[in-house]
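Please keep the sequence and the 3D view at hand while reading.

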Amino acid sequence: MTLLRRTKMEILKLHLKNAKRVIERTYTAPFLAHNPMEPISCFAHITDEKAFFVAPIQIPEMMKQNIVANLDIKPEQLEMKLARMGGGFGRRAYGHYIVEAGHISKKMKAPVKLIYTREDDMTNGIYRPTYIMTYKAAIDENNNVTALHVIGGGFPESPLHENRFPAGAIDNYLAESWELPTNITIGAYRAPRSNFNASAEQSFLDELAEAVGKDPLDFRIELLKKAKANPVGKNNDYDVSRYMGVLQLLKEKSNWGSPATKNAKRGVSAYFCHASYAAHVVDVTMKNGQPYVEKVVTAMDCGFVVNPEGAKNMVEGAVIDGIGNALYGELLIDKGDTAQKNLNNYRIIRHREAPKKIEVHFVQNNIDPTGLGEPPFPPVFAAVANALYKATGKRLYHQPYLKELNKQKA
Amino acid sequence: MAKFQLKINGKQLSVDVDPSTPLLWVLRDHLHLVGTKYGCGAGACGACTVHLNGNALRSCQLPVSAVGTQAITTIEGIATSETEMHPVQKAWLELDVAQCGYCQTGQIMSAVALLKRNPNPTEAEIEAAMTGNICRCGTYIRIKAAIQKAAKSTTK
Ligand code: FES
Ligand code: FES
C-alpha cells in the first residue's frame, strides 16, 4: 500500500513539474454551532426501581447504552420516551444532556426538567470542525487537466471523501488526508465533511474551468463523460450517469447562460453525498456592497420522491441554510471560550437575506429513495462563491464569504 | 413573589411569581400556555413573540411586572373561533409552511400583527416586519407566500 502510494505521488509530482501551468488553491472554513431553534432539553426521573427519560434524540439506541454505562443503572430499569424533535442539524445526535439530566435527578432524588439556555448550547456545543483543503492541478499545453492533487485536513478530522468526483475523471489523481487533535468538542453537522468538501472542490473546479477556457457547467459534464467512458481507478463511489443527469436537468431548467434575475450573476455547483445527487444554479446581486442570492434553481436525484411537497420544502430549507452558512456562519474560539454566545452575534440567515425564489426539480425515477435533508446543503456554498466571483471579480477561498468579501474590500 | 392579574386571550388569569420573571416563562411554566417558545432569551430570534395590545412583542424581554392591565394574546388565542382558524393559520397550512415547526408560533404572531396594521404589505414590508424571526429550518420563502396569501384572503 505504501509503495503504491509513493509511486502515485511520484507520478503526480512529475506531471506537476512538466505541466504548462499549475494552479494551487487553499480553502478554509470555521467552526459552526448548530443552533437548533428548539433548545436542548430532557426530562429525567431516576428512582431506585426505574430510570425514566423523555427527550428528543436522534439516535435513541446509541443513547441507551450511554445512559446505562454512565448512570450505573441496569438496562431493564431504563425506560425512554422520545419527544417530538425540532430541527437538530446534527446537534441532537449527541445525548450528553440526557446523561446530565439523569445525574441531576439521581442527586436530587427528584424528577428534573433540564433546558439549556441558548448560551449553554452555544458555549457547550458539539461544533462542526474547522477544515482546510488544498487543491493542485496540472494543465498541459492543450488545456487538458492532467493531474490533480488534493490534501484535506482539519481539527480533528479530515473533510475529504477521496473516492468522490472528480476522482475517476482525471488521469493522475491523489487524495490525502491529515488530522490534528483538538479538545474542542466537535461532531456531526448537516452533511458531515461533505459540507466543506463540496465547497472547496466545487470552487476549485470552477476556477479550473475558467483556466482551461470552458463553461463551468459543461466542464463538469465533460469530466463526467470521461469518467463514464474511461474511469480512472476502481473505487469511485458515485454513479456517473446520475451525477451527469442532475447537471443536465439543471442546465435545461435554469436556462444556463441567461440569468433569470436582472443584473444577477450566476454560479453553478454540484455534489453527491448521502446517496443522492444535487446541483444548483444561484443568481447573485450586489446591493450597496452586500451580496444577495436572488434566485436558486436546483436539480435533485434522490430516487423516488415519496412526499413531493415535503421534499421541496426540505430542499428549500437546505438551500437557505447553505446560503446563510456560506455568507455568515462562523463560531470563533477566543481564550478557550466561544466568542459568540447567543443569536445577537452568531449569524443565522434571516428573512430579508433569503432568496426570493427557489425552484426545485427532481429527476423522475423509481430508484429506492435516498437522503434529502443533507445532499442539497453542501453544494450551495460553492455555487454562492462562484456566483460572487462573477459579481465581484474576486475568488473567495475562506468562509464565511461575507467576511472575506469585506476583507478584500478593505 | 407577588400576585399579578393578567388579561390573556380574553381571560383574567392570576399568577404568583417573582416580579422580574419574563412574561415568556410566566406563560409557559406557570400558565402552561406552551405554544409560545423560547429560542434565545435575548430578543434576537422571535420564537417567543406574543401580542401586547395587538402589537408583536418578544415575551422573553418583558418582566411580568410591566404588563399591568394590557391585553396579551398568545398563539392559543388567535383563532377566529373554537372551530375556525385565523386566516394566517389557514394560509400556513395550505402552503405547508412548517418544517420542524419550532419557530412558527413566533412567525405567525409577527405575521398576524403585521397584517393588522398593514393589511396589504409589499414584499419589502414583509421582510422588514419578519426579519426578527429566525427560522433555522429555512422556511422563509413559504412564510412570505403565506403572508401574501392571507393578505389577499382578508382584503378582497
Ligand atoms: S426567545 Fe425571545 S426573542 Fe428569542
Ligand atoms: S420550522 Fe424549524 S425553525 Fe422554523
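## Terms and model

Helices here are DSSP runs of H or I with at least four residues, numbered from the N terminus. The model is a predicted one.

A:Pro379 belongs to helix α9 of chain A. Residues under 20% relative accessible area are termed buried, and A:Pro379, with a relative accessibility of 0%, therefore counts as buried. Leaving aside residues up to four places away in sequence, A:Pro379 is in contact with A:Ala198, A:Ser269, A:Ala270, A:Tyr271, A:Ala278 and A:His280. Its C-alpha atom lies 21 Å from that of A:Gln364, a residue 15 positions away along the chain.

## Helix α9 of chain A

Helix α9(A) covers residues 378-392, and at 1.5 Å a residue its 15 residues should span 21 Å, which agrees with the 22 Å between its end C-alpha atoms. Because twelve of these 15 residues are buried, the helix is largely enclosed by the rest of the structure. The buried residues include A:Pro378, A:Val380, A:Phe381, A:Asn386, A:Leu388 and A:Tyr389. After the helix comes A:Gly393, which has a positive phi near 80°.

## Overall build of chain B

Chain B contains five helices and five strands, arranged from the N terminus in the order β-β-α-β-β-β-α-α-α-α. Its radius of gyration is 15 Å, close to the 15 Å that the globule rule gives for 156 residues, so chain B is as compact as a globular protein of that length. Along the principal axes, its C-alpha atoms occupy a box of roughly 45 × 30 × 25 Å.

Of the 156 residues in chain B, 50% are buried. The chain exposes about 6700 Å², of which 52% is supplied by carbon and sulfur atoms.

## The sheet of chain B and its helices

The five strands of chain B make an open sheet with mixed pairing, in the order β2-β1-β5-β3-β4. Strands β2 (11-17) and β4 (55-58) are at the edges with a single partner strand each, so one side of each has no neighbour in the sheet. From one strand to the next, the twist averages 45°.

Strands β1 (residues 2-8) and β5 (residues 71-73) of chain B pair in the parallel sense over two bridges, and B:Ile8 has B:Ile72 of β5(B) as its bridge partner. Helix α3 (residues 104-117) of chain B packs on the sheet, where it touches β3, β4 and β5, and its direction makes about 35° with that of β3(B). Helix α1 (residues 23-30) of chain B lies across β1, β2, β3 and β5, running at about 100° to β2(B).

Conventions: Residues are numbered from 1 along each chain as its sequence is written. Chains are lettered from A and ligands numbered from 1 in the order in which they are written. This is a predicted model: local features need pLDDT of at least 70, side-chain atom pairs count only at pLDDT 80 or more; totals for chains, interfaces and linings use all residues. Side-chain values use heavy atoms; hydrogens and water are left out. The expected span of a helix is 1.5 Å times one less than its number of residues. Buried means under 20% relative accessible area, exposed over 50%, partly exposed in between (1.4 Å probe, protein chains only). Two strands pair if DSSP finds at least two bridges between them. Axes are lines fitted to C-alpha atoms, for helices over the stretch in contact, and angles run from 0 to 180 degrees between N-to-C directions. Contact means heavy atoms within 4.5 Å. The radius of gyration is taken over C-alpha atoms; the globule rule is 2.2 Å times the number of residues to the power 0.38. Accessible areas come from the Shrake-Rupley method with a 1.4 Å probe; for residues, only the protein chains shown count as cover.
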